Amino acid sequence: MTTEAEVKYGLAGVLADDTAISKVMPETNSLTYRGYAVQDLSANCRFEDVAYLLWNGDLPSKTDRERLDQQERSQRAVSDDVLEVMSRFSKHAHPMDTLRTAVSFLGQEDPTTEDSSASGLMEKSIRMYARIPTIVAADFRRRNGKDPIAPSDVLGFSENFFHMCFGEVPADEIVKCFDISMTLYAEHSFNASTFTARTIASSLSDVYSAVTGAIGSLKGPLHGGANEAVMHMLKEIGEPAEAKQWMLDAIAEKKKIMGFGHRVYRSGDSRVPTMTKAYEKMVEVIDTPEAKKYWEMSRILDDTMVDAKGIYPNLDFPAGPAYYLMGFEIPMFTPIFVMSRITGWTAHVMEQLANNKLIRPLSNYSGVAQRDVPAGH
Ligand SMILES: CC(=O)SCCNC(=O)CCNC(=O)[C@H](O)C(C)(C)COP(=O)(O)OP(=O)(O)OC[C@H]1O[C@@H](n2cnc3c(N)ncnc32)[C@H](O)[C@@H]1OP(=O)(O)O
Ligand SMILES: O=C([O-])CC(=O)C(=O)O
């Protein structure tokens, strides 16, 4: 019989399955994808190569790279039906809601949705990886009363996203900062949204359902939604001169401060130094008072939180203001996270189905004792 002492609330510390996709190492604040350190991948690989790595277990050869580029670039366009479904959403709907429905709709457009063979899963994963940026960019433009910009078939993944949002591609350092964020956001073992995707896949549901559920899970501010919450916090604070006192007051009031803390890392998120460096480089290139202001505030908040509480920033902390300074609206930040994490989610669905066992934990019943229905009911 289960006793309360055995319950692991939030599944904290529970080993739920094996995975060969990524290794999160809180002892050394490090992270590898298929054995490669994320810092190394960020410095030397395009996000497209990381996607290939996560799905296939190794970095692509030149031919593999060309094939995946061709597959991705040729499948970027979405149907008029997808755009029509999105047009039904209010301009005030959160773009994660629009994206969740649009991805679900991609599933019903695919005549082989239920095909979960290895080749079927790969094909559907590439299809979502290619189309999700188009959906995110089209929704951004729709909410601002603008027509979508057709995807390019020659630009790389990150450049094409800027092109579809703004009709132009910014300086290399800005594109590189974005591409690094894609690599760093791509995969992180059994986080809440990935575990959601694996749980859905484990009942032998289809991969579109798994991704739709994962999008819902990522939306929450304790998970992917934190990158938006960080930027709202920076805007609320307003000026670097206010940052230290704002943080001390928030700590005194026992507020949850978005972009700080992590279930697994207790002394620093492996991805933060790389993202922070890319953000800093971008601020130097942008060189505006606004960029310098947010950079300075970020530094003060980070130092104050670490000094006062010993709680470190997570990846959402530098990613939020970096996306803002790239020109993206705050509600796009979590959809941008989806553009990257689609690779990790689908790699996990493939891994789950290659050795499937239905995910079904036990619960410790804490309700009233068994009783009889009163007479007369
Ligand atoms: C990409 C990602 O998903 S990264 C995570 C993004 N999420 C956020 O940034 C949201 C803010 N952070 C948090 O809410 C938490 O740190 C989580 C949800 C990420 C991890 O939570 P848990 O592992 O459950 O840790 P828990 O919430 O129990 O925190 C442990 C202690 O640290 C404190 N703490 C943790 N994070 C924070 C924070 N951001 N602000 C203030 N205090 C915090 C808790 O209050 C708790 O203190 P206590 O022991 O005195 O009660
Ligand atoms: O691992 C987690 O719990 C959350 C996280 O950082 C991620 O999903 O990238």
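Which residues surround ligand 2? Please start there, then show me how the chain is built.

A: This is a predicted model. Ligand 2 is surrounded by His188, Asn191, His262, Arg263, Val264 and Asn314. By class, that shell holds 4 polar residues, 1 nonpolar residue and 1 charged residue.

Now the domains. The chain is divided in two. Domain 1 covers 28-222 + 331-354, and domain 2 covers 226-326. Their C-alpha centres lie 25 Å apart. The contact between them takes 22 residues from domain 1 and 24 residues from domain 2.

Look at the side of domain 1 that touches domain 2. H8 gives the most, with 9 residues. By class, this side of domain 1 divides into 14 nonpolar, 6 polar and 2 charged residues.

H16 also packs against another helix. The axes of H16 and helix H6 (residues 118-143) come within 9 Å. They cross at roughly 170°. An angle over 145 degrees counts as roughly antiparallel, so H6 is roughly antiparallel to H16. From H6, the contact uses Leu121, Ser125, Met128, Tyr129, Ile132, Pro133 and Val136. From H16, the residues include Pro335, Ile336, Val338, Met339 and Ile342. Further along H16, Thr343, Thr346, Val349, Met350 and Leu353 take part as well. By class, the contact of H6 with H16 has 14 nonpolar and 3 polar residues, with no charged ones.

S2 belongs to a sheet. That sheet is open and has 3 strands in the order S1-S2-S3, with antiparallel pairing. Strand S1 (22-25) and strand S3 (36-37) stand at the edges. Each has a single partner strand, so one side of each is left without a neighbour in the sheet.

Take the two pairings in turn. S1 and S2 run antiparallel and are joined by 4 bridges. Here Ser22 stands opposite Tyr33 in S2. S1 and S2 also form a hairpin, with 4 residues between them. In that turn, Asn29 has a positive phi of about 50°. On to the other pairing. Strand S2 (residues 30-33) pairs with S3 in the antiparallel sense over 2 bridges. Thr32 has Ala37 in S3 as its bridge partner.

How values were computed
Residues numbered from 1 in each chain as written. Chains lettered and ligands numbered in written order. Predicted model: local features only at pLDDT ≥ 70, side-chain atom pairs only at ≥ 80, totals over all residues. Pairing = 2+ DSSP bridges. Near = placed C-beta within 6 Å. Nonpolar A, V, L, I, M, F, W, Y, C, P; charged D, E, K, R; others polar. Domains from an automatic or database assignment. Contact = placed C-beta atoms within 7 Å. Axes fitted to C-alpha atoms, helices over the stretch in contact; angles between N-to-C directions. Parallel < 35°, antiparallel > 145°, perpendicular 65-115°, else oblique.
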